[in-house]
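Hello,

Here is the structure you will be working with. Please look it over, then read my notes below.

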Amino acid sequence: MEYRRLGSSEMRVSVIGLGTWQFGGEWGRAFTAAEAAAIMARAQELGINFVDTAECYGDHLSESLVGQALVGRRDAWYVATKFGHRYAGHMQRDLLFSPREVQDQLEASLVALHTGAIDLYQFHSGSDAQFDNDDLWTMLRKQVEAGKIRHLGVSVSSKGDPAHQIQRARDVGATVIQIVYNRLERGPEARSLPACQALDLGVLARVPLASGFLSGKYRLGETFTAPNDLRSGFPPEDIQQKLAEVQRIAESEVPPGVPMAAWALAWCLQHPAVACVIPGCKDVMQLELNAGATNLVDKAHPLAIT
Ligand SMILES: NC(=O)c1ccc[n+]([C@@H]2O[C@H](COP(=O)([O-])OP(=O)(O)OC[C@H]3O[C@@H](n4cnc5c(N)ncnc54)[C@H](OP(=O)(O)O)[C@@H]3O)[C@@H](O)[C@H]2O)c1
């Protein structure tokens with residue numbers, strides 16, 4: 001495994017992290033505590049030391065599965081979670097961004113995660129109005145002083161202006177940015193990633209497999225029908241457009257014999273701003289394949305961003 005410094009923090013994170021939205025049950029299946037623990041244990045063996053979860057992947061459900069798996073191995077992991085939402089049914093969320101609500105969520109996350117401190121606590125896909133709340137950040141910095149949070153981060157999304165939230169991140173006390181970045185979503189290369197580099201903000205690339213489309217296992221014409229798989233809600237024409245693009249990339253960019261999922265993760269890690277990719281994974285086989293991407297990263301420019 002390769003490790004990179006996460007922005008100006010002291011955290012040296014594995015370039016391959018572990019995303020755990022899947023553990024919340026919105027990706028077509030539920031997970032038992034034993035399944036989640038097996039994934040985390042194997043991840044640790046492979047040198048992975050960064051896990052990302054959130055308050056609303058199920059009602060603290062993903063956090064709870066991660067927390068149970070962390071018992072006895074907490075020191076081996078950097079644990080990242082988020083605030084601002086409450087799970088309200090499949091793909092439905094209540095918004096909870098007031099300081100009081102976030103403080104209550106923080107306590108619930110600490111309990112679910114079986115930990116006394118969260119390594120990275122991230123503002124979760126909020127609007128600029130929700131972000132520009134000095135009282136919220138003052139409360140959060142007090143939690144840092146109290147030792148309940150080690151670092152603050154901002155998970156930017158189209159619900160706000162990423163440029164605005166990145167520029168203000170340091171002012172509010174945040175040192176890490178989480179952003180969608182993958183071979184199909186290159187928008188951040190224009191402004192967001194250079195701004196993070198200029199401000200020495202650590203970057204976590206989320207959705208690095210484009211919700212699984214860049215895994216290479218889906219062909220043109222594929223449909224997602226399981227009602228509890230969030231992809232069943234994606235517009236069908238968008239899915240087909242993405243799959244056509246994936247097919248073109250598979251034929252023209254992925255070297256023969258290289259698994260597309262590993263290639264896609266290594267592709268993200270070529271960008272000098274990116275410290276860590278956090279692919280969601282559903283079983284140990286996927287995890288092992290994703291961890292193998294680290295072998296593609298070190299070779300001299302094997303992927304060449306085009
Ligand atoms: N707003 C936010 O802050 C936010 C939003 C989204 C995600 N995230 C974080 O980012 C993480 C990653 O994003 P994501 O999970 O949405 O998307 P992703 O990582 O692009 O795709 C994950 C999916 O790809 C498939 N997959 C993974 N590894 C594979 C492999 N080796 N071979 C074949 N298929 C593989 C699995 O689904 P199938 O096997 O079913 O295809 C898996 O559920 C999340 O888990 C979460 O921690 C944060």
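The notes go from the overall fold to one helix and then to the ligand.

This is a predicted model: local features need pLDDT of at least 70, side-chain atom pairs count only at pLDDT 80 or more, and totals for chains, interfaces and linings use all residues. Numbering starts from 1 along each chain as its sequence is written.

Overall fold. The protein chain has 11 helices and 12 strands (DSSP runs numbered from the N terminus; helices are H or I, at least four residues, and strands E, at least two). Its C-alpha trace spans about 50 × 40 × 40 Å along the principal axes. Of the 306 residues, 46% are buried (20 or more other C-beta atoms within 10 Å of the residue's own, with C-beta atoms placed from the backbone). Among contacts with a separation of 6 or more, 79% join residues 24 or more positions apart (a contact means C-beta atoms, placed from the backbone, within 7 Å).

Ligand. The shell holds 31 residues, and the closest are Gly19, Leu209, Gly212, Ser215 and Gly280 (C-beta atom, placed from the backbone, within 6 Å of the molecule). Helix α10 gives the largest share of this shell, 3 residues.

Best wishes

Note on methods. A residue is buried if 20 or more other C-beta atoms lie within 10 Å of its own, exposed if 12 or fewer, and partly exposed in between; C-beta atoms are placed from the backbone. Two residues are in contact if their C-beta atoms, placed from the backbone, lie within 7 Å.
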